[in-house]
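Hi,

Here's the structure I said I'd pass on.

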Amino acid sequence: MKKRYYLLDGIRGITIVHMILYHAMYDLVFLFGVEAGWYKGLAGYIWQQYICWSFIFLSGMCWSLGKNHWRRGIFIFLVGALFTVITGVFMPSERIWFGILSFMGTAMLLFIFLASYLEKIPSIFGFMVSSLFFLVFKNINQGYLGFFSLRLVNLPKAWYSVKGFSFLGFPSPDFYSSDYFPLLPWIFLYGAGFYFFKWIEKKEEVLKILSKKIRFFQSIGKYSIWIYIVHQPLILGIFLVWNNIFGIN
């Protein structure tokens, strides 16, 4: 049996707590009209990026520790598809197309076919190249290669005219999703996590650190997928009840 590294669960649990707080703020700001300029600005963006980067990088790290990639990958992808259906029917203004769960389910399944080839590449080199590609492709959804304010290459507009390419990272002009994680650039961050674990799994001193327990957060991290499924309806329900009784604004 593969050893469980509790610190990874703990870090995922901390990220889950951040995600719950972030989504709670999202509901307050965009659904209930609470004013929070910082949330709509740079601070909110950095907070959101920290959460999604952490989830995807950790998921890539944990791929090698998984027991049944087919079952888990299909399950997570179908949960993501369920969110697409629910938001499309009941909350079309907040609809989700190819959200983070759909991406992570797809990445898990893709790596079933890719892992045996990727493992032939030295782990530290794979980590560096994957990280570099993630940065270079970070703004591909906006029509160019580059990151932050650096624009390296403008990409042909024709690549963004085909609706079916949105899941790859080329959203069409009329495409909208409140939670959008296409294969590009995020598959490279997933790959960076995959290679990072391959690099450290041979270092006994690092593995001892990963075996450390953060009891409260590791319990949350162990059941992250179930918490993800229930947290948003639960938060929204609490806010609706509170708003009806006391008012939020």
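To get you oriented: in which helix is the place of Thr-84? Thr-84 sits in α4, the helix of residues 69-90. Bear in mind that this is a predicted model. At a relative accessible area of 14%, Thr-84 falls under the 20% cut-off, so it counts as buried. Apart from neighbours within four places in sequence, its contacts are Ile-96 and Trp-97.

Next, a helix pair. The axes of α1 (residues 6-31) and α10 (residues 224-245) come within 10 Å of each other, crossing at roughly 30 degrees. That is under 35 degrees, so the two helices are roughly parallel. On α1, the contact residues include Arg-12, Ile-16, Met-19 and Asp-27; on α10, Ile-227, Tyr-228 and Phe-239 are among them. By type, the contact splits into eleven nonpolar, four polar and two charged residues. The crossing itself is right-handed.

Now the rings. The whole structure has 32 aromatic pairs. One of them is Phe-103 with Tyr-190, edge-to-face, with 6.3 Å between centres and 85 degrees between planes. This pair links distant parts of the chain, 87 residues apart: Phe-103 is in α5 and Tyr-190 in α7. Phe-103 is buried at 0% relative accessibility, and Tyr-190 is buried with 0% too.

Phe-175 and Tyr-180 have ring centres 4.7 Å apart and planes at 55 degrees, so that pair is tilted. Here Phe-175 is partly exposed at 24%, while Tyr-180 counts as buried at 17%.

Lastly, Tyr-22, Tyr-26, Phe-30, Trp-38, Tyr-39 and Trp-47 form one aromatic cluster.

Cheers

Terms used. Residues numbered from 1 in each chain as written. Predicted model: local features only at pLDDT ≥ 70, side-chain atom pairs only at ≥ 80, totals over all residues. Heavy atoms only, no water. Axes fitted to C-alpha atoms, helices over the stretch in contact; angles between N-to-C directions. Helix = DSSP H or I, 4+ residues; strand = E, 2+ residues; numbered from the N terminus. Parallel < 35°, antiparallel > 145°, perpendicular 65-115°, else oblique. Left-handed = near helix turned anticlockwise from the far one by under 90°. Contact = heavy atoms within 4.5 Å. Nonpolar A, V, L, I, M, F, W, Y, C, P; charged D, E, K, R; others polar. Buried < 20%, exposed > 50% of the residue type's maximum accessible area, 1.4 Å probe, protein only. Phe/Tyr/Trp six-rings, centres within 6.5 Å; stacked < 30°, edge-to-face > 60°.
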